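This briefing goes through one protein chain, topic by topic. Look at the structure first, then read the points below beside it.

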Amino acid sequence: MKYLSILGSTGSIGKQTLEVVNHFKDRFKVVALGAGQNVSLLKQQIIKFKPEIACVLDKKNAQILKEGLTALNNLKILYGPEGYEICASYPKADIVLVAMLGISGLRPTLAALEANKTVALANKEALVTGGSLIKKAIKKKNQILPVDSEHSAIFQLLCEENKNYLKRIILTASGGPFWETDPSDLSNVTPEQAIKHPRWAMGAKISVDSATLMNKGLEIIEAMWLFEVGLDKIKILIHPQSIVHSLIELEDGVMLAHLGPADMRLAISYALNYPQRLSFPLKPLDLTKMPLTFFPPDFKRFPCLTLAFESAKIGGSMPVVLNAANEVAIKAFLKKQIKFTDIPLLIENIMKLHTPIKEVDLETIFTIDRQTREKAKEWIKKYT
Ligand SMILES: NC(=O)c1ccc[n+]([C@@H]2O[C@H](COP(=O)([O-])OP(=O)(O)OC[C@H]3O[C@@H](n4cnc5c(N)ncnc54)[C@H](OP(=O)(O)O)[C@@H]3O)[C@@H](O)[C@H]2O)c1
């Protein structure tokens, strides 16, 4: 039996993780759950999975949860950043699945690693903003098991012998809903269109990231930290069918690809059951029914990808700025305060204002994050 702490349990990845847990009831027991503000769903999850501890975003939500769960006297209810860290380092947990949103996943990821837990990491922003700190906090081999489907694919392809001959990592991208849209039409894109992903059902933030291709940009930085490779060893290919989850190219020219259904429960199940492979019931792939096509990305149409490459090249504090400006831009776009095409414009302008710092500690990361958010909000007020 493996004991799990699931952070971000009310989100797209969190809910799919609980489906996997429910399927492998004899292998997993949930001991901690963390959500943001969706108290009613968290309450249902608590009643079904009976964790010992739960955490929400703030005191008010903790109070609402407490009042709704009077019968569960043994449940400890926490709130805020400290509460998530306590869930991440909960003594009974073996695996901590981090599927919170944005930079909120960084502190719990560090807390889990420091407490010697295995981390099933969906939250790519933790590595984007705090990759150097996460790297230092790792205590054992395979302590981080990637949940992002592309990185799970590469993790599975990169066995020890292949690592010695790795020429390149090729991250595939679906291209999102607009990869064929005329660039002049992109300014009219609505939030409803942007979050309607052609292949994956995901949370709103990552769906917009997929539409701007910033998601692939964040994944480049995630791959650099996870697999210890330079930017020159990472390539992106648009693959609209989302069947090939990623590839590696070896020195002799051989390419190894990872294929599977476009279903996150596959990568979640792999991370939770690692090193065993247990099958979660999914419709098998029928390769005779699908052409597999690949295209180079169009950097002009998707400037967010260029910005992510630039920030990865600069490194240090710049990815923190990229991430914070992007988080603010997406929130504003979803509230219809800015246009789809303003997202890269905002990020570019905020990145230009930043003088990069090479080495960052946790306090510096959160100071830069806060300052960047303020600047981004000012930009929105001034230019929209
Ligand atoms: N969805 C996918 O297919 C997918 C694939 C690969 C990687 N990822 C990564 O996984 C992470 C989660 O994605 P998602 O699509 O599952 O997002 P989502 O559906 O928006 O869910 C986010 C979860 O985090 C919680 N949350 C939001 N803000 C929070 C905060 N400030 N503090 C604590 N908890 C907070 C939410 O709580 P409430 O809803 O209760 O407020 C929810 O439980 C992201 O980093 C994403 O890039 C997702």
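Asn 116 is partly exposed, with a relative accessible area of 39%. The model shown is a predicted one.

**Backbone angles**

- Asn 116 sits in the loop that runs between H5 and strand S6 (118-121).
- Although Asn 116 is not a glycine, its phi is positive, at about 70°.
- Glu 228 is not a glycine either, and its phi is positive at about 50°.
- The loop that holds Glu 228 lies between helix H11 (214-227) and strand S9 (234-238).
- Glu 228 counts as exposed, because its relative accessibility is 63% and the cut-off for exposed is over 50%.
- Tyr 274 and Pro 275 are joined by a cis peptide bond, with omega about 5°.
- Pro 275 belongs to the loop between helix H12 (264-273) and helix H13 (303-314).
- For background, most residues other than glycine have a negative phi, and most peptide bonds are trans.

**The annotated binding site**

- Which residues does UniProt give for the feature "binding site"? The unreviewed entry places the feature at Asp 148, Glu 150 and Glu 219.
- These residues span 72 residues in sequence, but no two of their C-alpha atoms are more than 8.6 Å apart, so they gather at one spot.
- Asp 148 is in the loop between strand S7 (144-146) and helix H7 (149-157).
- Is Asp 148 buried or exposed? Asp 148 is buried, because its relative accessible area is 7% and buried means under 20%.
- Leaving out residues up to four places away in sequence, Asp 148 touches Leu 121, Lys 124, Glu 219, Glu 222 and Met 264.
- Glu 150 is part of helix H7, and Glu 150 counts as buried at 9% relative accessibility.
- With residues up to four places away in sequence again left out, Glu 150 touches Leu 171, Thr 172, Lys 216, Glu 219, His 245 and Ser 246.

- How many of the nine residues of H7 are buried? Nine of the nine are buried, so H7 is largely enclosed by the rest of the structure.
- The buried residues of H7 include Ser 149, His 151, Ile 154, Phe 155 and Leu 157.
- In an unreviewed entry, UniProt lists residues 144-227 as "domain: 1-deoxy-D-xylulose 5-phosphate reductoisomerase C-terminal".
- The span 144-227 is 48% helix and 13% strand, and its end C-alpha atoms lie 11 Å apart.

**Helices H10 and H14**

- Helix H10 (residues 204-212) packs against helix H14 (residues 318-334) at an angle of about 100°, and their axes are 10 Å apart.
- This angle makes H10 roughly perpendicular to H14, because angles of 65 to 115 degrees count that way.
- The residues of H10 that meet H14 are Ala 204, Lys 205, Val 208 and Asp 209.
- On the H14 side, they meet Asn 323, Asn 326, Glu 327, Ile 330, Phe 333 and Leu 334.
- Sorted by class, the contact of H10 with H14 has five nonpolar, two polar and three charged residues.
- In general, an α-helix has 3.6 residues a turn, so residues three or four places apart point the same way.

**Thr 109 in helix H5**

- Thr 109 is found in helix H5 (residues 106-114).
- With 0% relative accessibility, Thr 109 counts as buried.
- A polar atom of the Thr 109 side chain lies 2.6 Å from the backbone oxygen of Gly 105.
- Apart from neighbours within four places in sequence, Thr 109 is in contact with Val 98, Val 119, Leu 121, Ala 126 and Ile 134.

- Pro 81 is in helix H4 (residues 80-88) and is exposed, with a relative accessible area of 53%.
- Pro 81 and Asp 58 are 23 residues apart along the chain, and their C-alpha atoms are separated by 9.0 Å.
- Tyr 383 lies in helix H16 (residues 362-383) and counts as exposed at 55% relative accessibility.
- From C-alpha to C-alpha, Tyr 383 and Asp 185 are 20 Å apart in space, and they are 198 residues apart in sequence.

Notes:
Residues are numbered from 1 along each chain as its sequence is written. This is a predicted model: local features need pLDDT of at least 70, side-chain atom pairs count only at pLDDT 80 or more; totals for chains, interfaces and linings use all residues. Side-chain values use heavy atoms; hydrogens and water are left out. UniProt positions are given in the numbering used here, feature names are shortened, and annotations may be inferred rather than shown by experiment. Helices (H or I, at least four residues) and strands (E, at least two) are DSSP runs, numbered from the N terminus. Buried means under 20% relative accessible area, exposed over 50%, partly exposed in between (1.4 Å probe, protein chains only). Contact means heavy atoms within 4.5 Å. Axes are lines fitted to C-alpha atoms, for helices over the stretch in contact, and angles run from 0 to 180 degrees between N-to-C directions. Angles under 35 degrees count as roughly parallel, over 145 as roughly antiparallel, 65 to 115 as roughly perpendicular and the rest as oblique. Ala, Val, Leu, Ile, Met, Phe, Trp, Tyr, Cys and Pro count as nonpolar, Asp, Glu, Lys and Arg as charged, and the others, Gly among them, as polar. A polar contact is a pair of N or O atoms within 3.5 Å; within protein, one must be able to donate a hydrogen and the other to accept it, and residues adjacent in sequence count only if both atoms are side-chain atoms.
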